[in-house]
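This briefing goes through selected features of one structure, grouped by topic. Please read it with the model open.

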Amino acid sequence: MKTLASTKLASGVTSCVMAPGVHKDGGFGLYCGTETCNIYYLKYSPTQGFLSELIQTCHHEPINDIAFPQGYSEVFATCGSSDIRVWHINEARELLRIQVPNVECNCVSFFADGGSIISGWSDGKIRAFAPQSGRLLYTINDAHSSVTAIIGSNDCTRIISGGKEGNVRVWRVGPQSQTMVASMKEHKGPVNSIALRKNDSECVSASSDGSSIIWDLQRFARNNSLFASTFFKACSYHPDESQIVTTGTDRKVTWWDAYDGQAIRILEGSSAAEMNALDISGAGDMVVTGGGDKE
């Protein structure tokens with residue numbers, strides 16, 4: 001038995017199967033699955049050997065964040081391990097992969113104009129990329145010890161970021177320069193989520209220290225605080241911005257008054273595990289959550 005051809009893929013092959021049929025030149029094809037969750041089609045030609053084509057892919061480690069461009073639902077971005085991936089919904093395929101070796105991407109978001117993808121990384125840096133080419137636009141060094149939450153302002157001139165050390169920081173960004181405007185330190189645990197008002201006047205940060213703080217982005221000071229016996233994992237403004245919705249390790253979904261910080265409604269979101277993610281429909285009539293109970 002002679003070796004007809006061989007090729008090297010990006011990671012170890014875990015399964016393979018012959019594709020039905022024979023090509024006109026006498027060649028054949030086979031599908032290969034790898035340990036990094038990629039599926040390749042290998043076309044064998046008697047004259048060229050194996051030609052490989054990546055036909056399906058996905059993350060092979062936990063996905064840390066997901067983001068849609070504002071007002072656009074055909075593509076979305078995910079981050080996990082050392083890469084950011086942009087996906088096309090209708091075609092169910094990867095459009096772009098951005099990789100930064102040896103660091104983990106914790107959070108990702110789009111600027112409101114869709115002009116850049118902003119991301120927070122475990123090495124403490126904020127990186128911005130072009131959404132079509134994946135080209136690095138700029139890097140903010142030493143933003144935090146590890147950047148754990150990020151969001152861009154609606155006027156596309158500022159970034160609000162949260163860190164593992166508990167700081168919430170505001171950055172003025174442009175193509176040539178990026179400077180810190182303010183650093184707000186009241187959280188005593190990692191900042192897990194940040195939500196922003198439509199007029200960029202206020203934001204809310206959810207932390208593992210059991211508090212969510214509403215920040216005035218004009219004075220860069222606290223307006224109000226929300227407290228509960230939980231590690232807050234996610235927060236979001238209701239579309240009419242009269243309420244804030246949070247969830248966390250207490251397995252509850254809580255609605256808060258955005259002005260006086262009082263709890264309005266509390267629902268049991270899970271009976272088995274912590275709630276890690278939350279979002280609200282554009283009409284405000286539905287809330288979606290995800291947690292450790294796999295639901």
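Two strands are said to pair if DSSP finds at least two bridges between them. The model is predicted.

- Strand β9 covers residues 105–110 and is mostly covered, with six of its six residues buried.
- Its partner is strand β10, residues 117–121; the two run antiparallel and are joined by five bridges.
- Within this pairing, Val108 stands opposite Ser119 of β10.
- Six residues lie between the two strands of the hairpin, and Gly114 takes a positive phi near 75° there.

**Salt bridges**

- The count of salt bridges comes to ten.
- Four residues, Asp83, Arg85, Glu94 and Arg97, are linked in a network of such bridges.
- Another joins the side chains of Glu94 and Arg97, at 3.1 Å from N to O.
- Both distances fall under the rule that the side-chain nitrogen of Lys or Arg be within 4 Å of a carboxyl oxygen of Asp or Glu.
- Where do these side chains sit, buried or exposed? Arg85 has a relative accessibility of 2% and therefore counts as buried. Glu94 is also buried, with a relative accessible area of 18%, while Arg97 is partly exposed at 29%.
- The value for Glu94 is 18%, and the cut-off for buried is under 20% relative accessible area, so Glu94 is placed in the buried class.
- A further salt bridge is formed by Asp216 and Arg219, whose closest N and O atoms are 3.3 Å apart.

**Thr230**

- Thr230 is placed in the loop between β20 (221–227) and β21 (232–237).
- Although in a loop, Thr230 counts as buried because its relative accessibility is 6%.
- Which residues does Thr230 contact, leaving aside its neighbours within four places in sequence? They are Gly210, Gly248, Thr249 and Asp250.
- For Thr249, the backbone nitrogen lies 3.0 Å from a polar atom of the Thr230 side chain.

**Gly166**

- Gly166 is in the loop between β14 (158–163) and β15 (167–173).
- With a relative accessibility of 0%, Gly166 counts as buried.
- Leaving aside neighbours within four places in sequence, Gly166 is in contact with Met184, Lys185, His187, Gly189 and Val191.
- How many residues separate Gly166 and Asn154 in sequence, and how far apart are they in space? They are twelve residues apart in sequence and 24 Å apart in space, taken from C-alpha to C-alpha.

**A nonpolar surface patch**

- Val17, Tyr31, Ile39 and Ile55 form a nonpolar patch on the surface.
- Together these four residues have about 320 Å² of accessible area.
- One of them, Val17, is found in strand β1, residues 13–18.
- In a regular strand, side chains alternate between the two faces of the sheet.

Terms used: Residues are numbered from 1 along each chain as its sequence is written. This is a predicted model: local features need pLDDT of at least 70, side-chain atom pairs count only at pLDDT 80 or more; totals for chains, interfaces and linings use all residues. Side-chain values use heavy atoms; hydrogens and water are left out. Buried means under 20% relative accessible area, exposed over 50%, partly exposed in between (1.4 Å probe, protein chains only). Helices (H or I, at least four residues) and strands (E, at least two) are DSSP runs, numbered from the N terminus. A polar contact is a pair of N or O atoms within 3.5 Å; within protein, one must be able to donate a hydrogen and the other to accept it, and residues adjacent in sequence count only if both atoms are side-chain atoms. Contact means heavy atoms within 4.5 Å. Patches are made of residues with over 30% relative accessible area and no salt bridge: like charges are joined within 9 Å, nonpolar side chains (Val, Leu, Ile, Met, Phe, Trp, Tyr) within 5 Å. Accessible areas come from the Shrake-Rupley method with a 1.4 Å probe; for residues, only the protein chains shown count as cover.
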